[in-house]
Amino acid sequence: MAREEPVDELAEIQAELQMVKKALRNGTGYLGMKGETLQRYLLQLNEKENLHLSHKLRNLSGEAPASMRGQALEPFLPSQSAPQQPQSPAVGTNGRGISEGSHGEAALASGVTSAPSEGPGGTGGSPATGPNSSDARRLQLQHRDPPSGAAPAFNRESLEEVHAHLCAWEAVPVETAKALRALSALAYADALKVGSDESILTQVLRVLDIHENEDHVQLAGMRTICNMAYSAPIALGKLASNQILSALLAAAVRTSNVKEIGAKASEAIARIIAAEVAPEEAPEGAAPPAPAVVIDGPGALCGLFSAATGGEASWQGLAAQLVVQLVSNEVVGPLLVARRFTDAATVSTTRASGWLTLAKQLVLCDCPDLPLALIDAGAIAASAEMMRDSLVDGPAQLAGIEAMSALVGNRWSGLQAFAEAKGMERIEGAMKEHLSDGVLQTKGIRALASGVQWPEDVQQKSSYSFKRSVDLTKTAMSQHVNNTELQTAGLEALAKYLDKMHCIEEVKSSGGEGLVKAMMTRHPGVTKVQTWGKIVLDGIGVDRHWAPRGGTTS
């Protein structure tokens, strides 16, 4: 019997989802199902898709995408794996009910689906083990003292009374959660009305900061914001701000026993982005909806990237993970992602080291078309500019070397863009400025050594100088004598320069021969140091069989 080819079940589910959505939009049948029956079938398919996506995300590890394995992702540096990504629920199923008016239609149009949102009532959770919050986001507010006596009842259907209770009793977690659950229900019913009141959104952020360790408050707050995001004008006009997106990112990566907190935060982010890139379509024959009022800022997707750069590393990992989900669900395409990410480099709230770290993660995430799109969008030039403008920032310089190395990869267009951006000058500057950083020096050595293999016109365009590279390599080796990885990289680089450029005098100058012998003497048990050291000695005309007489020197 012939062996069956493996079936990509997730792809089949997603293809069927598109057919069901099309049938619902057109009012036609699918497999004999129509109306509510077909809507229930859509929910079942969404549940299956969510399970598969969640399983896939749990298995995201340090591997590069399968389509890119075996390729030289980073010619400047040794092969590196993709960064570990924080675990957060997939942007997946919609349990709200498609027949509930415009919210369900928005889910169909955007391609982003959700877990059930909370109406009146709801459940709390156990205290968090510790949130991953950003100091830049936290308002550091002192809560107002609650009124004396027992908390009064309030009309849950009155926005004014709910807001008043949320403000008056902000110091009491139970009462805060109670008011937020009521506010979530009101936002579910009329997102535009609730989200239009600036003071309400400000108070929601305030209580989330005050009670950052209270799961039941955080969950109710995320449900409230997520329900507001169902209104495209609110999503773009109010929620696509750095402050809101930062709060959502912090909640999404927060350590908690209540997984729905992260799920709701991730869903809210996805809906905000979908409102910008996949606006709700008007029903056939109806007038198109009025354009949403966009905030005075970078916009949703660009704003997400800018906000992610300002927090911890887990924020950047989550942003890359969300991009994979949104591209996979066809909410946004790689070209738009690349343009918005490059735009984020110029936003005032963007942090250089965070942006450069995220650039590398986007290249290595499971989105094969994204690296070339980033190159075309000018991400390499933006990386070089960021390195130039943040020269004294060591983490930014290290992240910049890694980001440009990942972007160039084995791509000719990447190398051309790197040369035009004078990327080697940025790496040289980083090495001169941060001589004590062994990791940066090691990666810089390898990056510089890659230039000897470039065509001459590319070397000229990039202002590449093998002589400066040799000097920087020897300087780094002399400053980090106990760093075996750096010594290995340095000796290997010197061997490359000798092989390609025949630069015997440059390597021997300023005590080069003595430096090589000293490092071989210091590290007699390191095979790579001994092997590359002998190759270098042979290259400069010294007996390659020379061996240290003693052990490690002091």
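How far apart are the end C-alpha atoms of helix 21 (residues 438-450), and what span should its 13 residues have at 1.5 Å a residue? In this predicted model, the end C-alpha atoms of helix 21 are 19 Å apart, which agrees with the 18 Å that its 13 residues should span.

When contacts between residues at least 6 apart in sequence are considered, 75% of them join residues at least 24 apart.

Within this setting, helix 21 is mostly covered, as twelve of its 13 residues are buried. The buried residues include Gly 438, Leu 440, Ile 445, Ala 447 and Leu 448, and among them are also Gln 441, Lys 443 and Arg 446. The partners against which the buried residues of helix 21 pack are helix 18 (394-408), helix 20 (423-433), helix 23 (466-479) and helix 24 (484-501). The N-terminal end of helix 21 is capped by Asp 437, a side-chain oxygen of which lies 3.2 Å from the backbone nitrogen of Val 439.

Aromatic residues were examined next. The count of aromatic pairs comes to four. In one of these, the rings of Phe 418 and Trp 454 have centres 5.9 Å apart and planes at 80°, and the pair is therefore edge-to-face, the planes being over 60 degrees apart. This pair links distant parts of the chain, since Phe 418 is in helix 19 (residues 412-420) whereas Trp 454 is in the loop between helix 21 and helix 22 (456-461), 36 residues apart. Phe 418 is buried, because its relative accessible area is 0%, and Trp 454, with a relative accessible area of 10%, is likewise buried. Trp 454 also forms an aromatic pair with Tyr 464, and this pair is tilted, with 5.9 Å from centre to centre and 50° between the planes. Here too distant parts of the chain are linked, as Tyr 464 is in the loop between helix 22 and helix 23, ten residues apart from Trp 454. Tyr 464 is buried, as is Trp 454. Elsewhere, ring pairs link Phe 305, Phe 341 and Trp 355 into a cluster.

The cysteines give a count of zero disulfides. Cys 365 is in no disulfide, and the cysteine sulfur nearest to its own, that of Cys 367, is 5.2 Å away; for Cys 367, which is also in no disulfide, the nearest cysteine sulfur is that of Cys 365. Cys 365 is buried, with a relative accessible area of 3%, and Cys 367 counts as buried at 3% relative accessibility.

A further position of interest is Glu 276, which is in helix 11 (residues 259-277). Glu 276 counts as partly exposed because its relative accessibility is 23%, a value between the 20% under which a residue is buried and the 50% over which a residue is exposed. Apart from residues up to four places away in sequence, Glu 276 touches Leu 236, Gly 299, Ala 300, Leu 301 and Arg 340. The C-alpha atom of Glu 276 is separated by 7.8 Å from that of Ala 232, although the two residues are 44 residues apart along the chain.

Conventions: Residues are numbered from 1 along each chain as its sequence is written. This is a predicted model: local features need pLDDT of at least 70, side-chain atom pairs count only at pLDDT 80 or more; totals for chains, interfaces and linings use all residues. Side-chain values use heavy atoms; hydrogens and water are left out. Contact means heavy atoms within 4.5 Å. Helices (H or I, at least four residues) and strands (E, at least two) are DSSP runs, numbered from the N terminus. Buried means under 20% relative accessible area, exposed over 50%, partly exposed in between (1.4 Å probe, protein chains only). A disulfide is a pair of cysteine sulfur atoms within 2.5 Å. The expected span of a helix is 1.5 Å times one less than its number of residues. A polar contact is a pair of N or O atoms within 3.5 Å; within protein, one must be able to donate a hydrogen and the other to accept it, and residues adjacent in sequence count only if both atoms are side-chain atoms. Rings of Phe, Tyr and Trp (its six-membered ring) pair if their centres lie within 6.5 Å; planes under 30 degrees apart count as stacked, over 60 as edge-to-face and the rest as tilted.
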